[in-house]
Structures are given as structure tokens and as C-alpha cells.
Amino acid sequence: SSESFLNGGCIMIIKLNIIIILLILTGCKQKDNSLALFSDVIPNQYEKNVHDMDIASSQAIDIDVDKNPLVDKIKISSWVDSITFVQLSSSDNALIGSINKLIRKSNDIYILDRYKTKSLKKFNINGEFITDIGRFGEAPGEYQEPTDFIVNDSLIIVYDQFASRFNYYTLDGNFQYSKKLPFLCLRFKQVSENNFIFYTQDADNQHLSSIENYSIFQTDSNFVIKERCFYRERDKYTSIINDYNFVDINNRLYCHPSFSGKIYEILNDGKYALKINLNFGKHQLPEEYLLKENWNDFKNESAKDRYSFFLGEYLITNDVLYFSYTQQHEAVRCFYSFKDKKFERSSIMVNDILPIFPFANFIGVDGNTLVSYVFPSDIIAIRDNYSSSEWYKMVGEKAFEITKQLKNEDNPFIVWYHLKKQ
């Protein structure tokens, strides 16, 4: 039916058996290689004066999720003003298999495909392919596992997790030099010319005792460790890793511990503060279930649908918080207005502005805009269930014209949801 197609949640339903697989598999590859990778690291060169980050006093926003009723559906036009989009070029050298991170810098778009094509590609704002930034391989300037990247005013830094190395490139993709890191990480941010912040969860840095049990630490440009925070005893807790554990949103750095309803901001002065506290009431997952020794209890409770699971998808603009969680194995999406405290949540999100784009697959925030993507193959899989006339009636003239020439192998659309001013 058209209603089921318009429901942006149709591809967002998350089964906890998939989550459990992620919990088991996370980080295994790096744990096997870490001791050999850092056999030449001399700890006292990097652990000279490490201390804990201070907690900044701040007024966190408390949101009682369970006190707000579930509505039948949310039409995104009540929160979204308009939608713009661009389809990335599908030339042979531009093809990607997934989008794990997107950075827009001026009129250029940088897209990381972490696992499928293992590539970082640069497009212009019209979707035209410009160049590759490095490539897969073992030669100088190449990488084996491009896990994260940043773009500053003059350089692109790509983190190769497999080699624990930074590769530096110009904005045009020309390789400059590499730097070996003395530790493992999952994400990073450069906060100044001489300061980096790293995120690592259960990443097996036991060769550096000062950060072995910490999720976040700050270093200088020579990777000498200065500060740390978020103590987490290694191998004690069940973990799930996603891109929202540590994310740069509008040049503000946020951290979300696994399954917690708390979202923290890492501040530029070396402190951190609780910014948002999501309270799920009687559906809040008790922390004891996250202990690895209680793994069987965790699985049993997951199957009972007793608790809500906040896996960490959240996007923050100046006006609005958007987040999702799972309840009874179904994704529930939520909007919260910072200004008037308006809150809506539903398992059905209807894109009544441009229905071919499901309200899903979010990869960032650009000002007051939520950034998403959709692969043509996902649209085609639905389109081909209908006759041409049925499809036209369902999605309208504009969407019909966009989709009639799509091919399964085409590159994705980048979609910008421009939020209403609250």
C-alpha cells in the first residue's frame, strides 16, 4: 500500500538478534593484531603526565521519553520545511558500496566507504566525481582499512586502523606524508593544530596502561597523551559500536556510551559535560545487564521486549533533537524542540514531502539540516512492485520523473532535510 511505502520506518526495524551479532563481532580483528602492531612503542614516551578530564557544570536537558504518548504516525512536514537532494555520479571510478561518513566542505562532498570499496571519494555539490583521496593498498599513501577521516582548511587526514596510521593528503587528494599512531582508536577529531581527541571502546590498548580502560583521550600532535575520560574497565561490559558513540555535529563533539540515555559534549577547554539525558522510565535497561558475566540474562531480557534499547542514533541542531530507539523490536523515531519542548514519537514516519526517500540512513547534520542517503536499488525494489500508473499515483509527478530511469547499480542520492525554524 502507499501508506506502507511512505512509512520511512519500513527499513529501520531493528531485530535484536542482529544487534547481538554486532556485539560479538566488534573489535575482534584489531585485538588479534594489537600486540604485534605496538611492539616497538615505549610507553613513557606517550604517558608522561596523564590526568582525568574535568566535568564542566552545565544544565542538561532532561527528556522523559515514556511520559510522551506514542502517536500513530508523524508526517515529516510538521518538522521539515523542504527537501533537497543530489544523486552522486555513477561513473566507474565514482562507485561506492556504502556511506559510513560524509563531510561537506564548502562546495565539495567527501564520502567514506569504510568496508565495501574501502575508499574515500570527493564529489562536488552537484554530485560530479572529482577524485579519490588515496586508495586501498599497502604502498605509501594507500590504506588497508580507512576507518575515519577529517577535512581541515588545507589537509585531509585519513586514519588507517589496520596499520594504526594517519595518512595526510591535500584537499585535491595528493599524498603528503604518514604518521604512525602508538595506540588504536575508532574515531578522532582534530580540535586545534596541536590537539587531537580520540575515541576507542574496548580497543585493546593494554600496552598503554593510562588509557587501557578509558574510552576517550586527548593528545598533542605527537600523540603524547594529556587527558582522558569515560572510565570503562576493559572486557567487563557488553558493547555496541556505531558512528554515534563519538560524533562531530556542527563542529561540536558528542559522546554516547553504549546503551546509555546520556549524551555528553566534549568541550574545547578540555572538559566534558552532560548535555542530554533521555529517561525511558520503567523501560530503562538496568546497567547490570551490560556486564559480560550477565550475557545470558541480557539475551533473555532482549527477547522479552521489556526494555527500550537506545543504540545511539541522534542528531542535534540548534533547534531540534532527533533520535531513535528500539522497543518491541521496532524502531521508534522521536523529535524534540529545544525551544518549546514539543515532543513527538512514533514507529511510523511518513515522508509526505518527497515520498521516494525514506526518513532513514542519517549520516550527519549540516546547520539546521539533517543529512541522509538512499541507494536507488532500495527505491527500485519497491517501484517494480507496481505498474507505471500505480507508481505515478503513489509518489507524484516529481518523484516519478526522478525514479523512472534509475538503475540498481547507480550511486546513491544524498538527501538534505531542511528543518523548520522552531
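Is Tyr168 buried or exposed in this model? Tyr168 is buried, because its relative accessibility is 5%, and buried here means under 20% relative accessible area, with exposed over 50% and partly exposed in between, using a 1.4 Å probe on protein chains only.

Okay, some housekeeping. This is a predicted model, where local features need pLDDT of at least 70, side-chain atom pairs count only at pLDDT 80 or more, and totals for chains, interfaces and linings use all residues. Residues are numbered from 1 along each chain as its sequence is written, and side-chain values use heavy atoms, with hydrogens and water left out.

Back to the tyrosine. Tyr168 stands opposite Tyr177 in strand 15. Strands, by the way, are DSSP runs of E, at least two residues, and helices are runs of H or I, at least four, all numbered from the N terminus. Strand 14, residues 165-170, runs antiparallel to strand 15, and five bridges join the two; strands count as paired if DSSP finds at least two bridges between them. Those strands belong to an open, antiparallel sheet of four, in the order 12-13-14-15. At its edges are strand 12 (146-151) and strand 15 (175-180), each pairing on one side only. From one strand to the next, the twist averages 20°, with axes taken as lines fitted to C-alpha atoms and angles running from 0 to 180 degrees between N-to-C directions.

Now, the rings. The structure holds 50 aromatic pairs. Tyr168 and Tyr177 make a stacked one, 4.4 Å centre to centre with 20° between the planes. The rule is that rings of Phe, Tyr and Trp (its six-membered ring) pair if their centres lie within 6.5 Å; planes under 30 degrees apart are stacked, over 60 edge-to-face, and the rest tilted. Tyr177 is partly exposed, at 36% relative accessible area. For contrast, take Phe310 and Phe323: their centres are 6.1 Å apart and their planes at 85°, so this pair is edge-to-face. Phe310 sits in the loop between helix 4 (295-304) and strand 24 (314-316), while Phe323 is in strand 25 (residues 320-327), 13 residues away. Both Phe310 and Phe323 are buried.

Tyr168 and Tyr177 also belong to one aromatic cluster, whose members include Phe217 and Phe223. That takes us to another hairpin. Strand 18 and strand 19 form it, with five residues between them, and Phe223 in the turn has a positive phi of about 70°. Strand 18 (residues 214-219) is joined to strand 19 by five bridges, antiparallel, and Phe217 has Arg228 as its bridge partner. Arg228 also has Asp52 standing opposite, with strand 1 (residues 51-52) pairing with strand 19 in the parallel sense over two bridges. Strand 19 is mostly covered, with five of its seven residues buried.

Last stop, Glu142. Glu142 is in strand 11 (residues 142-143) and counts as buried because its relative accessibility is 12%. The Glu142 side chain makes a polar contact with the side chain of Arg135 at 2.8 Å. A polar contact is a pair of N or O atoms within 3.5 Å; within protein, one must be able to donate a hydrogen and the other to accept it, and residues adjacent in sequence count only if both atoms are side-chain atoms. The backbone nitrogen of Ala139 lies 2.9 Å from a polar atom of that Glu142 side chain.
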